[in-house]
Amino acid sequence: METLKKIFAIREFTIFLVLVALMLFLGITAPGFLSVDNLFSIILNVTFIGVMACGMTMVIITGGIDLSVGSILGLSGVVMGLLMHDLGLNPVMSILIGLLTGMAAGLTNGLLITKVKIPPFISTLGMLSIARGLAYVLSEGWPISPFPKSFTSQGQGMVGPVPVPVLYFAGVAIIAYIFLRYTIVGRRIYATGGNLEASKLVGIKTDRILIMVYVINGLLAAFAGFLMTAWLGVAQANAGQSYELDVIAATVIGGTSLQGGEGTILGTVIGAIIMGVLRNGLILLGVSSFWQQVAIGAVIIIAVAFDQLRGGKEG
Amino acid sequence: MNPVLKVVDISKEFPGVKALDQVSIDFYPGEVHAIVGENGAGKSTLMKIIAGVYKQNAGKIIFKGEERYWKHPSEAIEEGIVTIFQELSVMDNLSVSENLFLGSEPKRGPFINNGKLYKSAKEFLKEFDLNINPNDKLKKFTIGVQQMIEIARATYKESKVIIMDEPTSSLTQNEVAKLFEVIRNLKQKDVSIIFVSHRLEEIFEIADKVSVLRDGKLVETNNISDLNRDKIVEMMVGRKIENFYIKKEHEIGKPIMKIENLSGEGFENVSFEVNEGEVLGFSGLIGAGRSEIMETIIGLRKKKSGKIYVDNKEVTINNPLDAIKLGIGMVPEDRKRKGLILIHSVKDNISLPSLDKLKRFRLFVNEKAEKDLSNWAIDSFNIKTPSPTRRVKYLSGGNQQKVVVAKWIALRPKILILDEPTRGIDVGAKAEIYELISDLAQQGMAIIMISSELPEVLQISDRIAVMAYGHLTGVLNAKEASQEKVMKLATQKEKAYA
């Protein structure tokens, strides 16, 4: 009984139950939902959001928000594409420079937030526009392709039945999980979000923690840009448009508190999968794409409301 | 006379804890009724039920002869039950006058009459001897001032019952005297006052009746004339406390930190020294600049000028991390805002400053060592918590304070600064904190303790530094110090500016 209580007290478990219930429902009602092919295609669709949501989890744990991730995805994809296609740079170097672009955008966010003291919502809103604009400037609005096979295989290849991007997603999630859960820096991220003043007083350099978190978030957005460009085989300035909303939704459904100080990668991954399952299931059920949006919005609100009500009771 | 308010057989359970168990008390108009008990005895819970913040699981509230249920705290307030909570409920982003008249602002047509607001606030503040500008934002002021504003606000309304939960915990002697004057006036107006306090001296000064709670149960309600201090303490803890203040003999060693002509925001030209194994008390009125000095020493505020020496070497402290590296730790005054991460567990709070010492494979937290550390702290500081993973926000004030002290001691600092370490905690927990301070001094730690409670400073300190208006007006040897001498220095405006 005690252990059962403990299991139910774990936040992620409730979210997991929601996922299971959702899958059971769709398994019965939607033909083909539970096929292996379909399940992997769900995970593949979740990958890009999921990778970014790992970074977003850290940002939201510090009590912040980052609206610029979708744009950073687009910008770094374009940077990688131009380097390979127009300059003929080798894929590895191109990817590295693309990732650095994302980190630079994240660093700018972090510095604006900590040193210039612009609230995260505003500074990253500015970056949303700047990064997207730069992506259009650099690409002049044209799609960029083709790319070397060694690059596109990172997005289109398979290892057995598993798409390669899914493996990257798993890798990112595991590293992020260990980083947040088990390292000293991870603890300090939670502490900074839980109480900034108290954290400063115990000697945590909270500015550094915040800057680092935004840099990581920029890096992961750029990494999602790499995966998406490789998967599509084309770099486009409008890639990842309005993804920030799905990323934030996945994180929040996963139990990360917008107040800061709480949240886990495990919850976020489950949250991202719930989003993917829902999208996929609604398509299989033949729900029109307009109603899909309504349904997804409703689920976000229900999930957070559920968590709020539960949180209020906890002793 | 009939009681204005009766609580009958009130019980309240929280998950895993029975906070109140069939408590019945009658409150009469024109009476000051003190509620005492140790941390976690259920005092605050009872007050919150009366005020409509919590709902009881069983029992009745009878107000003016009728059984009442408050759907919301605002209903209780409308009926004239006003509470001054231990946690401040003033809006620190608003001005003093806006706080005072919140919801009852003088109006001119649909607009707030700002001129009148300012004038009435000014007059009202005068009654409380608060010489501050009503247009200043409240966050500019110390907790003590904020608390006075909150009390003033409650007395301004037409109240039948005023609940004061630890109203004096951040006030100085003078302010307390002022408050008691206000309370006596309220008694004349037949207001019933429920007074929750840990300070027994105050209860004997102001209360007419005393109800003692222990472990959620009412022990007894008595007239104050039938009680004495020892009796109350005995009822509270359920056993006799022999030596209430124990000061262990400790040897004072060599100087460890020297402050020379330090100036910063709120204080000027302060010099003092503290030695190993010494408890240096810092006394003074609220706003004298004591907390500001300490926050400057540990690098939380910028200094304007002056030098800091540790171990005879001049040091530069730009941030709290520099201070920690030099062996200086600080337990802040406002434990909820600056001391704790309320939503995190007891264990995580305790280990936070020590994480660098709990390393494994360079980057990782050694969770075994962390668990040992928090278990050690819970045992040796007698922190009452159902488990190390319980969030600190669910602990009582005294136990929260022990967590803050414990997390610093775990770092083994050479110099520990304590800012109002016993604010809002009960006698039992206070005695434990005093003993702890004594022990630490005995082990050679230098302790700087800011306290606005004179008996406490006099009892615990070896030397007492007194501040007034941002200046250090004198340092007394504890043996020659008395309340009168300290108060004289604390109010000495002339010499301070000379």
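How many bridges join strand E18 (residues 328-331) of chain B to E21(B)?

Modeller: Four bridges join E18(B) to E21(B), and the two strands run parallel. This is a predicted model, so local features need pLDDT of at least 70 and side-chain atom pairs count only at pLDDT 80 or more, while totals for chains, interfaces and linings use all residues. Residues are numbered from 1 along each chain as its sequence is written, and chains are lettered from A and ligands numbered from 1 in the order in which they are written.

Take the pairing first. Strands pair if DSSP finds at least two bridges between them. Strands (E, at least two residues) and helices (H or I, at least four) are DSSP runs, numbered from the N terminus.

Now burial. Five of the five residues of E21(B), which spans 415-419, are buried (20 or more other C-beta atoms within 10 Å of the residue's own, with C-beta atoms placed from the backbone). In a regular strand the side chains alternate between the two faces of the sheet. Here both faces are covered. Ile415(B), Ile417(B) and Asp419(B) are buried on one side, and Leu416(B) and Leu418(B) on the other.

Follow the Leu416(B) and Leu418(B) side to a neighbour. Ile447(B) touches both of them, along with Val279(B), Leu280(B), Ile437(B), Leu440(B) and Ala441(B), not counting residues up to four places away in sequence. Touching means C-beta atoms, placed from the backbone, within 7 Å. With Met52(A), Ile447(B) has the most contacts inside the largest nonpolar core, which has 234 residues. Such a core is a set of buried Ala, Val, Leu, Ile, Met, Phe, Trp, Tyr and Cys residues joined through C-beta atoms within 7 Å. Helix H11 (residues 206-232) of chain A gives the most to this core, 17 residues.

Met467(B) has Leu472(B) in E24(B) as its bridge partner. Two residues lie between the strands of this hairpin, and Tyr469(B) takes a positive phi near 50°. Five of the seven residues of E24(B) are buried, so the rest of the structure largely encloses this strand.

Step back to the whole chain. Chain B has 18 helices and 24 strands. Its C-alpha atoms fill a box of roughly 70 × 55 × 45 Å along the principal axes. Of its 498 residues, 50% are buried. Among contacts in chain B between residues at least 6 apart in sequence, 69% join residues at least 24 apart.

Last, the partner chain. The contact takes 18 residues from chain A and 24 residues from chain B. On the chain A side, helix H9 (184-194) and helix H10 (196-201) each supply at least two residues. The largest share, five residues, comes from H9(A).

Definitions and conventions
Buried ≥ 20, exposed ≤ 12 C-beta atoms within 10 Å, placed from the backbone. Contact = placed C-beta atoms within 7 Å.
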